[in-house]
Amino acid sequence: MAIAGSQQSPPHRFRRAPPGLPACTPCLTCGACCTQYRVAFHWMESDEVTPGGVPAALTERLDAHRLCMRGTYAPPIRCVALDADIGKYSRCTIHPNRPSVCREVDASWEFGQPSPQCDKARLAHGLPVLTPGDWVEVAEHGKHPSPMSG
């Protein structure tokens with residue numbers, strides 16, 4: 001459990017790779033999905049109700065039953081939890097406590113199939129869509145997160 005005010009390293013999937021080494025996943029050099037979609041979720045996911053939940057201070061009310069991440073309610077979209085220079089580096093500053101909807105968005109070909117959400121977000125930033133080949137380097141370096149992680 002984190003102590004208030006302490007700095008914790010993000011999970012391995014979202015650490016920046018050392019200079020000259022490949023990123024752990026293509027997501028670490030992207031972040032486009034966090035700038036394209038409203039991140040809406042049930043208020044029960046908030047840390048005001050659920051210990052270890054989404055930090056309430058980073059949310060705003062969407063309707064009677066849902067919250068959304070600040071910065072994603074309306075265009076221009078950019079999630080307040082995103083630390084990124086799109087296409088260069090990316091990390092979620094609340095990765096262990098991110099909303100369920102964020103956990104459900106897979107990168108294209110991460111688990112053997114394309115992701116229309118990922119493709120649309122990358123294209124909006126002028127980035128190429130991911131291919132199965134983008135995951136070969138990840139697998140060769142043994143850094144791919146298991147489907148059960150985070």
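Start by selecting Asp85 and Lys88: this pair makes a salt bridge, with 3.7 Å between the closest N and O atoms. Keep in mind as you zoom in that you're looking at a predicted model. Colour the two by accessibility and they part ways: Lys88 is exposed at 56% relative accessible area, since the cut-off for that label is over 50%, while Asp85, at 32%, is partly exposed.

- Select Asp83 and Arg91. Their closest N and O atoms sit 3.1 Å apart in a salt bridge. Asp83 is partly exposed at 22% relative accessibility, and Arg91 is partly exposed too, at 24%.
- Now go to Asp63 and Arg66. Their side chains meet in a salt bridge at 2.7 Å, N to O. Asp63 has 27% relative accessibility and counts as partly exposed; Arg66 is partly exposed as well, at 37%.

Next, switch to cartoon and look at strand 3, residues 66–69. Strand 3 runs antiparallel to strand 1, and three bridges join the two. To see one of the pairings, select Ala40: its bridge partner in strand 3 is Cys68.

Three strands form an open sheet in the order 1-3-2, with antiparallel pairing. Which strands stand at the edges? Those are strand 1 (40–42) and strand 2 (59–61); each has a single partner strand, so one side of each is left with no neighbour in the sheet. Turn the view and follow the twist, which averages 40 degrees from one strand to the next.

Time to go inside. The largest nonpolar core has 18 residues, and the ones with the most contacts inside it are Phe41, Met69, Ala81, Ile86 and Ile94.

Leaving out residues up to four places away in sequence, its contacts include Val39, Phe41, Val54, Leu58, Ala81, Ile94 and Pro99. Thr59, Glu60, Cys79 and Val80 are also on the list.

Last stop: select Ala107, Cys118, Leu130 and Trp135. These belong to a second, separate core of five residues.

Note on methods:
Residues are numbered from 1 along each chain as its sequence is written. This is a predicted model: local features need pLDDT of at least 70, side-chain atom pairs count only at pLDDT 80 or more; totals for chains, interfaces and linings use all residues. Side-chain values use heavy atoms; hydrogens and water are left out. Two strands pair if DSSP finds at least two bridges between them. Helices (H or I, at least four residues) and strands (E, at least two) are DSSP runs, numbered from the N terminus. Axes are lines fitted to C-alpha atoms, for helices over the stretch in contact, and angles run from 0 to 180 degrees between N-to-C directions. A salt bridge is a side-chain nitrogen of Lys or Arg within 4 Å of a carboxyl oxygen of Asp or Glu. Buried means under 20% relative accessible area, exposed over 50%, partly exposed in between (1.4 Å probe, protein chains only). A nonpolar core is a set of buried Ala, Val, Leu, Ile, Met, Phe, Trp, Tyr and Cys residues joined through side-chain atoms within 4.5 Å. Contact means heavy atoms within 4.5 Å.
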